[in-house]
Amino acid sequence: MSQKVVINTDIKKGTINKNIYGHFAEHLGRCIYEGFWVGEDSSMDHTNGIRNDVVAALKNLNIPVLRWPGGCFADEYHWKDGVGPRENRKRMVNTHWGGVVENNHFGTHEFMMLCEMLETEPYICGNVGSGTVQEMSEWIEYMTFDGESPMANWRQENGREKSWDLKYFGVGNENWGCGGNMRPEFYADLYRQYQTYVRNYGENKLYKIAGGANVDDFNWTETLMREASWLMDGLSLHYYTIPGDFFKGKGSALDTSEKEWYITMQKALHMDELITKHSTIMDKYDPEKRVGLIIDEWGTWFDVEPGTNPGFLYQQNTIRDSLVAGLHFHIFHKHSERVQMANIAQTVNVLQAMILTEGEKMILTPTYHVFEMFKVHQDAVKVDIDVSSHSYELNGEEIPAVSVSASTKNNQIHISFCHLDDKQSTSIKMDVRGLGKELGEVTGRILTADHKNAHNTFENPEHVTPVAYDDFTVNDHQIELRLPPMSVGVLTIG
């Protein structure tokens, strides 16, 4: 089977915001503790309690932004419990995630230190569900005010003389659910109230993100945009790719039937429809597209691995996850005018993670490798592309078998591709137009596997890793690729 792709390199379609390659780290399972934070007394290689191996691996991804402390955890997080001498910090129960004791050893100072180590922008989510206006206002003052004030003085007493730079701040999280089970009208009024006291101090200018819809709750988006759009810079959207039933069984991360594979791809592609419909509503109130759509929770969600705490959401990561990631990025590229940030859930040891750890051991997942290959798209200029793909069919249903996206940066063209079919190979004929010259050097990398549940383990950490790809021919301005089943990769021209 073959299909044709036309890439018009001279037709620019806007910039792909690097923040769509953002991440999310919640106080959930072993994401923060064991994943990032091992403590200053640990025998592991660390800097001020933060794992050096994890930081080094994530820096290789050029992480643009990191969301914290949740998620549902944010709805019961009281930031003052997480500052000051660690031995004096309040211990609390993590009611959402496993009922374990949270000792608050990783708080504001530790998170900001982590972001500085990663050279990434912090994105902090404030507590509207069980917090107060004063509490949120004082948190902003504590972090960003450099003058004389109770909170700034307290920050200095706790060891940080200069204020931090903070751009992204979420005023609440999932307020339709774990953030308070609110109606959109009620949350819209609360958002208007709370954001009033989320102030800009000095040169620090905040990008305020309102808590948006769950999946296809278009009434939520309509209400928030109608009642408060002029007071927000971004509106969030949460959607997870789940092949099964959320409550009855989401499906196994490893034991994947052909039907579950197909449904996973189908549901990943559904993100395109969701963004289109939510964006249409946003356009009604914001035709200039000033308000960004912030997809700050996305990714696969399967049943936890057998024998692990069900509240820790630990799942393995296979070649299937890598294709889900690639598809999402292509969809985000397509909607780059409106989608200004996305944060995969989550960075370490939780859901569709980049990294899995076991004591001192660490492995990189197939999803990590897609982030690494696709980082060439960060802040690149999207170019016009037309894809004519054959269908991937199952039981009378069909979806496109191939997804392609292209961008240009630093005098190079990068073309990323995903082949969804888990059984059949395919060919793609690419017509690269608008260069005014022959293509020149073309190089490639590809991530693929020979079975659907291929994944990396602590015993075999490089089972699924990118390799050089050269199964293509170049003739004048055309490239013909031969793609194996279930593969994702990137071509570089120039």
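This is a predicted model: local features need pLDDT of at least 70, side-chain atom pairs count only at pLDDT 80 or more; totals for chains, interfaces and linings use all residues.
**View 1. Helix H6 packs against helix H7 with their axes within 9 Å.** H6 spans residues 218-228, and H7 spans residues 258-285. Their axes cross at roughly 25°. Angles under 35 degrees count as roughly parallel, so H6 and H7 are roughly parallel to each other. The crossing is right-handed. H6 makes the contact through Phe 218, Thr 221, Glu 222, Met 225 and Arg 226. H7 answers with Leu 274, Lys 277, His 278, Ile 281, Met 282, Lys 284 and Tyr 285. The contact residues divide into 6 nonpolar, 2 polar and 4 charged.

**View 2. The largest pocket holds about 590 Å³ of space.** It is lined by 23 residues. Closest to the pocket centre are His 330, Lys 334, Val 387, Ser 403 and Val 404. H7, helix H8 (319-334) and strands S16 (381-388), S18 (397-400) and S19 (402-409) each supply at least two lining residues. S16 gives the largest share, 7 residues. By type, the lining divides into 11 nonpolar, 6 polar and 6 charged residues.

**View 3. The second largest pocket holds about 500 Å³ of space.** Its lining has 24 residues. Asn 214, Tyr 240, Ile 242, Phe 246 and Trp 301 are the closest to its centre. Strand S11 (234-241) and H7 are the elements that give two or more residues to this lining. The largest share, 3 residues, comes from S11. This lining divides into 14 nonpolar, 6 polar and 4 charged residues.

Notes
Residues are numbered from 1 along each chain as its sequence is written. Side-chain values use heavy atoms; hydrogens and water are left out. Axes are lines fitted to C-alpha atoms, for helices over the stretch in contact, and angles run from 0 to 180 degrees between N-to-C directions. Helices (H or I, at least four residues) and strands (E, at least two) are DSSP runs, numbered from the N terminus. Angles under 35 degrees count as roughly parallel, over 145 as roughly antiparallel, 65 to 115 as roughly perpendicular and the rest as oblique. A crossing is left-handed if the near helix is turned anticlockwise from the far one by less than a right angle, and right-handed if clockwise. Contact means heavy atoms within 4.5 Å. Ala, Val, Leu, Ile, Met, Phe, Trp, Tyr, Cys and Pro count as nonpolar, Asp, Glu, Lys and Arg as charged, and the others, Gly among them, as polar. On a 1 Å grid over the protein atoms alone, a cavity is a set of points where a 1.4 Å probe fits but cannot get out, and a pocket is an open set with protein on both sides within 12 Å along at least five of seven lines; lining residues have an atom within 4 Å of a point. Grid points are joined across faces, edges and corners, and a volume is the space filled by probe spheres set on the points.
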